[in-house]
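Colleague: I have a model open and would like to talk it through with you. Could we start with the annotated domains and then move on to the details?

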2 protein chains.
Amino acid sequence: MARNTSIPADTSAPPITALLARFTATHPSRGWSDAVEREAQRTFYNWLGCAIGAARHEAAEAAVAAVQVLQPAPQATVLGRNERVDIASAALVNGISSHTFDFDDTHLKTIIHPAGPVASAVLALAEKNGQGGRAVLDALVLGIDVACRVGNTMYPDHYDRGWHITGSTGMLGAAAGCARLLGLDAHRTAMALGIAASQPVGVREQFGTMTKPFHPGGAARAGLMSALLAQAGFTASPRALEAPRGFVQVVSDKRAWHEVTDELGERFEISFNSYKPFACGIVIHPSIDAATQLRERGVTPGQVERIELRVHSLVLELTGKREPRDGLQGKFSVYHGVAAGLVYGRAGEDEFSDAVVNDPAMVALRARVQATVDDSIDEEAVHMTAVLKDGARIEVRVDHAIGSLQRPLSDAQLQAKFESLVTPVLGAARAAEITAACGRIAGLADMRQLTALCRPGA
Amino acid sequence: MARNTSIPADTSAPPITALLARFTATHPSRGWSDAVEREAQRTFYNWLGCAIGAARHEAAEAAVAAVQVLQPAPQATVLGRNERVDIASAALVNGISSHTFDFDDTHLKTIIHPAGPVASAVLALAEKNGQGGRAVLDALVLGIDVACRVGNTMYPDHYDRGWHITGSTGMLGAAAGCARLLGLDAHRTAMALGIAASQPVGVREQFGTMTKPFHPGGAARAGLMSALLAQAGFTASPRALEAPRGFVQVVSDKRAWHEVTDELGERFEISFNSYKPFACGIVIHPSIDAATQLRERGVTPGQVERIELRVHSLVLELTGKREPRDGLQGKFSVYHGVAAGLVYGRAGEDEFSDAVVNDPAMVALRARVQATVDDSIDEEAVHMTAVLKDGARIEVRVDHAIGSLQRPLSDAQLQAKFESLVTPVLGAARAAEITAACGRIAGLADMRQLTALCRPGA
C-alpha cells in the first residue's frame, strides 16, 4: 500500500538513536575540557537570568494560570515566582519564560536556543529529586549535545521548511538530559529518545506570538515526560530517529548523519553556544556595539552632530524602522539601537521599553543617526563615524559584535546582563546571591539551595 | 536570509484557522442530523470500551506510573482503574489505552482514529467541570470534524511521508473540542487551534511499540493544554494552520484547502467513522467475517475437511503468517483469523491471546485453511469455500466486511464488542450499567455519573 512520495527514504542510516543513547548514558561525568565546563556554567547562568527576567511577562502569567488548572503538586520552582508546580509544568513554564525576551543562548551553527528545552527540564527534575549541580551540568552538556547534533544533521533544510528548530530538536535534548539525571541505562535512554522523537514542537509561523517561546517550553515538558515514561518501561522504536519513517527523515530532506557520529564525546556542541548582549535581533548587534564603544571613548549624546553608519543591506531590510512607536518596534530599529548604545551603554529589555523608545531625548538622538547601505561590508560588521559639533570625526569599525563566537561576552558582561534581568524581579541582593551560587554550581550538593533563591518570597 | 526549499509555499491559502475556530465556537448545539448524533454516541461508546479494555495493559501501567511522578491532583478518571489524576494526565493515559488494542474507531477517508485524541481530552475536562453529556457530544462532533477536515486536506501525502495522522491532526480536534467545552469565543478558539498547531505528535516508525498509542494520548493532552492556555490569554498566530510556515504547509505537500471549507456545518466527518469488529488489521476482516458466516450457517470445526480462501495478494503479503507463535503474531495470520471466526464467531482481544493462538485445536484447524491469491478479487473482499468431510461445499462471498461503511456494525454488535472489552476489567454488571448510561448520554446532567462507573472500586 506504499505510495510514492517526493522525499526519498534513506534505508542505510546509521543507528544514531542507539549511538546517542549509549553516549548519553555512559559518557563519564565531567568528561570534557575546562572550556566546555565553563560554557556549561555560562549557559546555565544565562538561561536562569532570562527565565527569571521574564517571570512576570504576560506569557508567563497565562502559562502559570493554565497549568494551575491542573492543581499541580508543589514539586518544582517557577523561576522568579512564588508558585511551585509539578515538574512537567515547571519545565513548560520555565522553558516559556526563558525564551520570552529572545535573550537566551544561541548555538550559532543551527540557531537552536538549546538551554530553554534542556535546562528547563533538567532543573525541574533535579530540584524534585534533590540532585546536585554536578549532575545538572553533566545532563546539560549531554542534552545540548544530543539536540544540537541532531540539529546539525538537518540544518538548514529542516528550519527552512518551517520548523522552529529549537523546539523540534529540543525535546531530544531534554529527554537525554533527564534520562541522564534519572540514571537510565543505554536501552531505556534510547526509549526516552524514541518517545521524544514523536513530539517535535513548533512551526515558524508562530514567531511574534507567545507560542514562539512556548516551543522550548513544550519541548522541555515533552522530553521530561519521555524520560519518565522510559523509566517506567514504556517502549518506542529503537530506530525512532533514523529509520525511513523516523523523525529525521520525516521532517528533513537533509540527513547528514555524520554530524551525530563525528567526534562524539570529543567535540561538544555547547562550545558553539553564544549569549546575546542585546535584547533584539542579532543583525543590529554590531551597530549597538559600535555605539557603546563611542560612549566608552567619552562621546556623549550632547556632543554629537550626527552618526553615520555603513551597513550591509540586510540590516536596513530587517531593522530599518526610522520612527519606532513602542518597545517592540524599537527592536526593529537600528537607529534606536545606536541611540541606546550611546546613551545607556547597553540595550537590554529596559532599553526596549515603550518609555525609553518614546523618550524625547531618544527620539531626537535617533533623528541624528544616518544609515547607508554598503554591501562591501559584511552582515556581521558595521562602520560607524561620529561627527561631533566641534567638527571632530571619531570612527569605529566592528567586524564581529560582542556576543559572537569571535568576541564572546566576558564573565563580567554576562553577569551585568544577568543582573539587569534578575534585579527587577528579585532585587539586587538576591541577584548577587544567585550569581555566587551559579559560580560554584558544580559543587552544589542540592539544586534546591539554588532554586530557593529564585522565589521572591523564599 | 530565506533559502530555497523543495516545498513551494502557498501564499493564497484561505483563512482556515479562523474558519474552523468560528465554526467550533458558534455552530449550534446538536446542529446536525439524527444520523450524525447517533454516530457521535457510537463513537464515544466504542472509544470508552477500548480504553477500559486496555486499562491493565503494560502500556497503561507504564503511563500511569510516569504521570504519577507528577503527583497529579485527583481531577479525572483513568478509565478502568482506580487512580484519579490531573486532567492533562487523564487525557494522555486514556488516549494511550483507547488505542492500545488497535481496536478503536477509524475515519476511513484518512485512517485517522479520531476519538482517541478528542474524546480523551473532552471527557477529562467535562468530568472535572461537572459538565453534561450534551456538551460532550457537541464537543466530540465538532472536534472530530476539525481533526478529520484538516486530515482530508493533507491525506495521503502527510501520512505517506511518515506522520501518524491520528496524532498529527488529533491535537487540533482535542483543542477544538476543549475550546468548545470551555465556551471560548471564536478568537480564543483560534488561539487554541494555533497553539495546538505547533504540537503534532507521531511518526510511523513507532508502529509496533507503545509509542504508537502514545500518539493519540499525546495529542489529547496537547489539545487540552492548548485550550487551557488560550483561555488564559496565551497567543498564537491566527494563521497557524494555513500560513506558508504554518502547520499544514510544513508537514504536507498536499494542501486541499477546500476540504476544510466545503459544506462546513452541513456534512460532518463523524459520518465516515467506523468501528472495528475484530482486533487486528483491516485486511483480514473479510476472511474473519466469512468464517463467522459459516459458523452462523451451522458449520462446526469438526465437520470441516478444509477451508479454501481466494484473496487479493495484499492479504497474504501483510497477514500470511502460517504458524503464528503468540497473540501478536496471530494478528498477522489470516489462517488464525479464519479459525477464530469459525470456532468463536468473533475475533476480539481474547481470540488473539497467546493461549488461544497456541490452543492445539486452533493449530489443527489453521492447518486446514488454504489461501490462494486472486487479484481479480478486491482488497476488501474474500471468496471462501468450506469443503466438509461429507463432501458438501459451502460458499461464502464477502464484498465488504462487517465494520465497513457499507456494512456498519449494528448497535447490538457494537454492544457485544464493548462488553467483550469491558467485562474482563469491570465485570458484566458494570459493563451493562455503562452501556445503559451511554445509551442516554445526551441527557446525562454530569459526566461524573458515567466516569464513576468506569472505576473498579467506585
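**Domains, core and a helix**

Modeller: Gladly, and bear in mind that this is a predicted model. For chain A, UniProt lists "domain: MmgE/PrpD N-terminal" at residues 20-258, from an unreviewed entry.

Colleague: How much of residues 20-258 of chain A is helix, and how much is strand?

Modeller: That span is 63% helix and 3% strand, and its end C-alpha atoms lie 12 Å apart.

Colleague: And where does UniProt place the C-terminal domain in chain A?

Modeller: The feature "domain: MmgE/PrpD C-terminal", also from an unreviewed entry, is placed by UniProt at residues 278-437 of chain A. Over residues 278-437 the chain is 46% helix and 16% strand, with the end C-alpha atoms 24 Å apart.

Colleague: Switching to the core, which residues touch the most other members of the largest nonpolar core?

Modeller: Of its 316 residues, those are Phe44, Leu48 and Ile434 in chain A, together with Phe44, Leu48 and Ile434 in chain B.

Colleague: What does B:Ile434 touch?

Modeller: Leaving aside residues up to four places away in sequence, B:Ile434 touches several residues, including B:Leu48, B:Ile52, B:Phe418 and B:Leu450.

Colleague: New topic: is helix H4 of chain B enclosed or open?

Modeller: H4(B) is largely enclosed by the rest of the structure, because 14 of its 14 residues are buried. The helix covers residues 87-100 and reaches 20 Å from its first C-alpha to its last, close to the 20 Å expected.

Colleague: What sits at the start of H4(B)?

Modeller: There, a side-chain oxygen of B:Asp86 comes to within 2.9 Å of the backbone nitrogen of B:Ala88, and just after the helix B:Asp102 takes a positive phi of about 55 degrees.

Terms used. Residues numbered from 1 in each chain as written. Chains lettered and ligands numbered in written order. Predicted model: local features only at pLDDT ≥ 70, side-chain atom pairs only at ≥ 80, totals over all residues. Heavy atoms only, no water. UniProt positions renumbered as here; feature names shortened; annotations may be inferred. Helix = DSSP H or I, 4+ residues; strand = E, 2+ residues; numbered from the N terminus. Core = buried A, V, L, I, M, F, W, Y, C linked by side-chain atoms within 4.5 Å. Buried < 20%, exposed > 50% of the residue type's maximum accessible area, 1.4 Å probe, protein only. Contact = heavy atoms within 4.5 Å. Expected span 1.5 Å × (residues − 1). Polar contact = N/O pair within 3.5 Å; in protein donor to acceptor, adjacent residues only side chain to side chain.
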